Amino acid sequence: MKIDFNIYLITDRHATTLSLPEAVRLALKGGVRAVQLREKDLPVRELLSLARELRGITREFGAKLFINDRVDVAVAVDADGVHLGGQSMPASAVRKIFGRHMLIGVSTHDLDEAKRAETEGADFITFGPVFATPSKMKFGAPVGVESLIDVKKQVNLPIFGLGGVNGGNIWQILGAGADGIAMISAILSADDIQRAAEEMNRRIGEAANRRIGEGE
Ligand code: 3NM
């Protein structure tokens, strides 16, 4: 599978007291292998320079870098891909620019959006918010684990459960069939970012072993 990560760290530089590059470095030290730069309020030159810096750091760790929405910035910094939201270009149009060389992630919030992402050629999707998140106002009411199960049955793409994910509810998300988890605050707002990432990794490993044990 092209998607070789199961923790997808999404950035919000306001969620950490450290500088974003410092915070991301700690998460990578803790085992995170995919980062989405999502700083929607930054002017493009600042975004570009932050993207370049994160490209350097992610490379050091052999980790993937995705840029939210900005296909141009993703190409300019040689990112691994882009992550598209509802207001972004459709995945099918981005594919014409990227060809098969770069990956396309798409944010989805219900079954129809997930199916559309598949039809349009996404490589993976996030689905959420699964649980209540502090940023609930922006992302809507929680969709719940049941709808994640439903999407997993009907859409043949790697799925990352997103929204309110923390160490205590990873089991539910992976138990619903998700391929991984995506989050901001459970890692970036932790007092010890590296340890939080290590802990997520450990729990995901345990959940995967349990699934293998159950004969999946
Ligand atoms: N997108 P936290 S929920 C960026 O449902 C984002 O599409 C969502 O933050 C969606 O991990 C979300 O701190 C915020 O709950 C996730």
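This is a predicted model: local features need pLDDT of at least 70, side-chain atom pairs count only at pLDDT 80 or more; totals for chains, interfaces and linings use all residues.
1. R95 belongs to helix 4 and D123 to the loop between helix 5 and strand 6, so the bridge ties together parts 28 residues apart in sequence.

2. D123 has a further partner worth a look: K2 also forms a salt bridge with D123, at 2.7 Å between the closest N and O atoms. K2 sits in the segment before strand 1 (7–10), so here the tie spans 121 residues of sequence. D123 is buried at 8% relative accessibility, whereas K2 is partly exposed at 45%. Through shared partners, salt bridges join K2, R95, R100 and D123 into one network.

3. The structure holds 14 salt bridges, and another one pairs K64 with D4 at 3.1 Å, N to O. K64 lies in strand 3 (residues 64–68) and D4 in the segment before strand 1, 60 residues apart. K64 is buried at 16%, while D4 is exposed at 54%.

4. Do have a look at the largest pocket, with its space of about 1100 Å³. Its lining comprises 47 residues, and R38, K40, S107, H109 and F139 lie nearest the centre. Elements giving two or more residues to this lining include strand 5 (103–108) and helix 5 (111–119). By class, the lining has 17 nonpolar, 19 polar and 11 charged residues.

5. On the surface, V75, M89 and I97 form a nonpolar patch with about 260 Å² of accessible area together. I97 is in helix 4 (residues 91–98) and is partly exposed at 48% relative accessibility.

Methods: Residues are numbered from 1 along each chain as its sequence is written. Side-chain values use heavy atoms; hydrogens and water are left out. Patches are made of residues with over 30% relative accessible area and no salt bridge: like charges are joined within 9 Å, nonpolar side chains (Val, Leu, Ile, Met, Phe, Trp, Tyr) within 5 Å. Accessible areas come from the Shrake-Rupley method with a 1.4 Å probe; for residues, only the protein chains shown count as cover. A salt bridge is a side-chain nitrogen of Lys or Arg within 4 Å of a carboxyl oxygen of Asp or Glu. Helices (H or I, at least four residues) and strands (E, at least two) are DSSP runs, numbered from the N terminus. Buried means under 20% relative accessible area, exposed over 50%, partly exposed in between (1.4 Å probe, protein chains only). On a 1 Å grid over the protein atoms alone, a cavity is a set of points where a 1.4 Å probe fits but cannot get out, and a pocket is an open set with protein on both sides within 12 Å along at least five of seven lines; lining residues have an atom within 4 Å of a point. Grid points are joined across faces, edges and corners, and a volume is the space filled by probe spheres set on the points. Ala, Val, Leu, Ile, Met, Phe, Trp, Tyr, Cys and Pro count as nonpolar, Asp, Glu, Lys and Arg as charged, and the others, Gly among them, as polar.
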